[in-house]
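Me: I'm opening a new protein model and would like to talk it through. Could we start with the charged side chains and then move on to the overall picture?

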Amino acid sequence: MKIDMQLNVLTLLAHPDDAEILCAGTLARLAEKGWQIHIATATPGDCGTMTASRWEISAIRVAEAKRAAAVIGATYHCLDERDGLVVYDKPTVQKAVDLFRRVSPSLVFTHAQDDYMMDHVEVSKLARAGSFLFGAPNISAFPLKAGSAVPHLYYCDPIEGIDSLGRAVAPTTLVDVTSVHGKKLEMLACHASQREWLRAHHGMDEYLEAVRRHDSLRGKMRGCDFAEGFVQHRGHAYPSGDLLGELFG
Ligand SMILES: [Zn+2]
């Protein structure tokens, strides 16, 4: 880790609750180390309901996301796109770049490049574009903060740890989140509307259990009770050192 690195981490994921499901344990550990945590979603979760209007559920879910972020002192942001309609186009890339410009992260989490839902896939591309571009002076009207550089970029596990063809994804990095797993579940439980919605839509009454099960599987790979898995982006211009590995051994 560079001595002068800014300790800002940004998660850009599709929906409210994705960060809590996929990487909140690692975020909690980063917060303990003094990092500023920014949790951003592409949408306010406007389709996550069987009964409420688009606007009612968006207001509820933004409030839930803010409550979850507050558990670890994080700041919540929303790009205000729409569920199921997230696309990689000029206006949305610009929104993503502007978000990166305001946060100036040195560490970024986004969705796996191939995941079960297209919003996740598109957001992964948006985060990749934002992380690569935001340091270019002419790309955004927001001021370029000193020290801005291409950040370490990590892809979270796809949902259930499998890609869209059902193939298991092998993490390059596993973070032990055992000590903060209670806090992770506390953050997830802030999304009360989703526990209800999953029960109605998927017939699934195990919002917290699914996360506990997945993190326990990753924990077995790591040799601890609970872990979160990531794949590091190592393309041209990105830092290749495994920052998470350095921070959490
Ligand atoms: Zn999602």
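Me: Which residue does K95 form a salt bridge with?
Reply: In this predicted model, K95 forms a salt bridge with E81, and the closest N and O atoms of the two are 2.5 Å apart.

Me: And where do K95 and E81 lie in the chain?
Reply: K95 belongs to helix α4, which covers residues 90-103, while E81 sits in the loop between β3 (75-78) and α4, so the pair ties together parts that are 14 residues apart in sequence.

Me: Is E81 buried or exposed?
Reply: E81 is buried, because its relative accessible area is 15% and buried means under 20%. K95, with a relative accessibility of 31%, counts as partly exposed.

Me: OK, what about K184, what is its partner?
Reply: K184 forms a salt bridge with E228, where the closest N and O atoms are 2.6 Å apart. This pair links distant parts of the chain, since K184 is in helix α6 (residues 181-189) and E228 is in strand β7 (residues 227-232), 44 residues apart.

Me: How accessible are K184 and E228?
Reply: K184 is buried, with a relative accessible area of 0%, and E228 is buried as well, with a value of 1%.

Me: Which residues are in the network with K184?
Reply: The network of salt bridges links K184 with D215 and E228.

Me: Why can such side chains pair at all?
Reply: Side chains of opposite charge can pair when their charged atoms come close.

Me: What does R54 pair with?
Reply: R54 forms a salt bridge with D46, with 2.4 Å between the closest N and O atoms. R54 is partly exposed at 33% relative accessible area, whereas D46 is buried at 3%.

Me: How many salt bridges are there, and how many charged side chains?
Reply: The count comes to 10 salt bridges, and the protein has 26 positive and 31 negative side chains, with the centres of the two sets lying 4 Å apart.

Me: Switching topic: how many helices and strands are there?
Reply: The protein contains nine helices and seven strands, and 51% of its 249 residues are buried.

Me: What does the radius of gyration say about the overall form?
Reply: A compact globule with 249 residues would have a radius of gyration near 18 Å, and the protein has 17 Å, which agrees with that expectation. Along the principal axes, the C-alpha atoms fill a box of roughly 45 × 45 × 35 Å.

Technical notes:
Residues are numbered from 1 along each chain as its sequence is written. This is a predicted model: local features need pLDDT of at least 70, side-chain atom pairs count only at pLDDT 80 or more; totals for chains, interfaces and linings use all residues. Side-chain values use heavy atoms; hydrogens and water are left out. Helices (H or I, at least four residues) and strands (E, at least two) are DSSP runs, numbered from the N terminus. The radius of gyration is taken over C-alpha atoms; the globule rule is 2.2 Å times the number of residues to the power 0.38. Buried means under 20% relative accessible area, exposed over 50%, partly exposed in between (1.4 Å probe, protein chains only). Lys and Arg count as positive and Asp and Glu as negative; His and the chain ends are not counted. The place of a charge is taken as NZ of Lys, CZ of Arg, CG of Asp or CD of Glu. A salt bridge is a side-chain nitrogen of Lys or Arg within 4 Å of a carboxyl oxygen of Asp or Glu.
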